[in-house]
Amino acid sequence: MPQLIILAVLCIVFAAVALWVSQRMRADSGVPDGDVVYDDAGSWYEVSKPLFSKRLMLTGKPDYVVRAENGSLIPVEFKSSKAPIQPYDGHVLQLAAYCALVESHFGKRPSHGIIRYENKSFNIDYTPHLEDELLAVLEEMRFDLEEEDVARNHEAWQRCKGCGFKEVCGDSLL
Ligand code: SF4
């Protein structure tokens, strides 16, 4: 009988430690509390389909979408680099696109999303102003797609290094 009691106590301690470790790992990963309702890798037997918005003719795969305890949906985007002082504009627009896709797919507008850099997270409010900026950029991109010659809009050689058009691009920084 005492062995049974010791075993039961050990099981409780083990379960408590496992719970603490998983909560700790999740907190470190930057994923907020709540249920993960979408992740871009999917499960081991099913690859997640990209989210799609017919209204915006836009598709994409956020790293995660979490349903917080209050029911709100939060897209989370991971970046492998160290955090800048403020998140890069391109990253904010990418997150805004995911907020728009989450709204289309789940029928619920996210109040904000999260950009998680290696060492820091930023909460980004999905405001009507940010949505307007996103719509303007999408329109500009569609316009540029019709053009034969589009000027480079950045000064980052790293982007050119990873670009599939660098061998033929007259604007390359390499
Ligand atoms: S190589 Fe040209 S197309 Fe590619 S990122 Fe650089 S400027 Fe843009």
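Q: How many helices and strands does the protein chain have?
A: In this predicted model, the secondary structure of the protein chain comes to four helices and seven strands.

Q: Which pattern do they follow along the sequence?
A: Reading along the sequence gives α-β-β-β-β-β-α-β-β-α-α.

Q: Which residues are buried in helix 2?
A: Buried means under 20% relative accessible area. In helix 2 the buried residues include His91, Val92, Leu95, Tyr98, Cys99, Leu101 and Val102. Ala96, Ala97 and Ala100 are buried too.

Q: What follows helix 2?
A: Gly107 does, and its phi is positive, near 70°.

Q: Is Cys160 buried or exposed?
A: Cys160 has 7% relative accessibility; the cut-off for buried is under 20%, so Cys160 counts as buried. Cys169, at a relative accessible area of 36%, is partly exposed.

Q: How many disulfides are there in the whole structure?
A: A search of the whole structure finds zero.

Q: What can I read from the chain as a whole?
A: Of the 174 residues in the protein chain, 30% are buried. Its accessible surface comes to about 12300 Å², and carbon and sulfur atoms hold 59% of that. For contacts with a separation of 6 or more, 53% are between residues 24 or more positions apart.

Definitions and conventions. Residues numbered from 1 in each chain as written. Predicted model: local features only at pLDDT ≥ 70, side-chain atom pairs only at ≥ 80, totals over all residues. Heavy atoms only, no water. Disulfide = S-S within 2.5 Å. Buried < 20%, exposed > 50% of the residue type's maximum accessible area, 1.4 Å probe, protein only. Helix = DSSP H or I, 4+ residues; strand = E, 2+ residues; numbered from the N terminus. Contact = heavy atoms within 4.5 Å. Areas by Shrake-Rupley, 256 points an atom, 1.4 Å probe, with all protein chains shown as cover.
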